[in-house]
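Here is a report on one protein model. It starts with a salt bridge and then moves to the sheet, the backbone and the surface.

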Amino acid sequence: MLGFEQRPSYWFTTHASLITRGSRVLDLACGTGRHALAAAALGANVVAVDRDPVRLDAARAEAARRKLTVEWIEADLEKPWPPLGQFDVVLLFNYLDRPRMYLVAEAVAPGGYLLFETFLEVQRQLGWGPEQDAHLLKYGEASSLVAPLTVVHGREAFEPADDAQWAAVASILARRPK
């Protein structure tokens, strides 16, 4: 199976209390759905989007195995987005598309939150992960990408990742005012 040995990220787990029973959660670039599945297990109504049909099929199978309901949408986020609406919590992990970050912010409902985490440029030196500048954040850049949302909490850190590897990440919790 693809990716189900991966647990939700530390950033997700730290802020999981924002996801309550019945809240609407959007997981963008969800891959095999580790965060979408974790949000659904917390009782959220989850919509998860990814362009890879193989990963989505694996995510659907895992959701069925766990008896979790998630709306899986196959869509390329680098093309025009399908109408998704606004959500109480938007999740964006390990994906960066600077020109479309305004669409991510627009998906956050008034009073809602964005949980955003992706790799820093120094990740290249760790020997795994994205290598192109377009997919790596500069130090201090993440907070400017989530405007007009208000940054509640942020960090740049080295942290343990799956398979005994380390990751260099920038993480942001941002909120849209009510």
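Lys138 and Glu121 form a salt bridge, with the closest N and O atoms 3.2 Å apart. A salt bridge here is a side-chain nitrogen of Lys or Arg within 4 Å of a carboxyl oxygen of Asp or Glu. Both Lys138 and Glu121 lie in the loop between E5 and H5, so the pair ties together parts that are 17 residues apart in sequence. Helices (H or I, at least four residues) and strands (E, at least two) are DSSP runs, numbered from the N terminus.

Lys138 is partly exposed, at 44% relative accessible area. Glu121 is also partly exposed, at 26%. The classes are set by relative accessible area: buried is under 20%, exposed is over 50%, and partly exposed is in between (1.4 Å probe, protein chains only).

## Basis of the model

This is a predicted model: local features need pLDDT of at least 70, side-chain atom pairs count only at pLDDT 80 or more, and totals for chains, interfaces and linings use all residues. Residues are numbered from 1 along each chain as its sequence is written, and side-chain values use heavy atoms, with hydrogens and water left out.

## Other salt bridges

The count comes to 12 salt bridges. One of them joins Arg124 to Asp133, with the closest N and O atoms 2.1 Å apart. Arg124 is partly exposed at 35%, and Asp133 is partly exposed at 48%.

Arg155 and Glu159 also meet through their side chains, at 2.5 Å from N to O. Glu159 counts as buried, at 10% relative accessibility. Elsewhere, salt bridges link Arg51, Asp76 and Glu78 in a network. Side chains of opposite charge can pair when their charged atoms come close.

## The sheet

Seven strands make an open sheet: 7 strands in the order E3-E2-E1-E4-E5-E7-E6, with mixed pairing. E3 and E6 (150-160) are the edge strands, and each pairs on one side only. Neighbouring strands are turned by 15° against each other on average, direction ignored. For such angles, axes are lines fitted to C-alpha atoms, for helices over the stretch in contact, and angles run from 0 to 180 degrees between N-to-C directions. Two strands pair if DSSP finds at least two bridges between them.

## Parallel strands

E1 (residues 24-28) runs parallel to E2, and 5 bridges join them. Leu26 has Val47 in E2 as its bridge partner. On to E3: 5 bridges join E2 (residues 45-50) to E3 (residues 70-74), again parallel. Val47 stands opposite Glu71 in E3.

E2, helix H3 (residues 53-66) and E3 make a right-handed β-α-β unit. Right-handed means that, with the strands pointing away from the viewer, the path from the first strand over the helix to the second runs clockwise.

Arg24 lies in E1 and is partly exposed at 34%. The C-alpha atoms of Arg24 and Val46 are 6.0 Å apart, although the two residues are separated by 22 residues along the chain.

## The antiparallel hairpin

E6 and E7 (residues 166-175) run antiparallel and are joined by 10 bridges. Glu156 stands opposite Ala170 in E7. The two strands form a hairpin with 5 residues between them, and Asp163 in the turn has a positive phi of about 60°.

## Backbone features in loops

Which peptide bond is cis? The bond from Ala147 to Pro148 is, with omega near 15°. Pro148 lies in the loop between H5 and E6.

Ala29 has a positive phi of about 55° although it is not a glycine. Ala29 is in the loop between E1 and helix H2 (34-41). Asn94, not a glycine either, has a positive phi of about 55°. Asn94 sits in the loop between E4 (87-93) and helix H4 (101-106), and is partly exposed at 36%.

## A nonpolar surface patch

Leu126, Tyr139, Phe158 and Trp166 form a nonpolar patch on the surface, with about 460 Å² of accessible area together. Patches are made of residues with over 30% relative accessible area and no salt bridge: like charges are joined within 9 Å, nonpolar side chains (Val, Leu, Ile, Met, Phe, Trp, Tyr) within 5 Å. Areas come from the Shrake-Rupley method with a 1.4 Å probe; for residues, only the protein chains shown count as cover.

Tyr139 is in the loop between E5 (108-119) and helix H5 (142-145). Tyr139 is exposed, at 54% relative accessible area.
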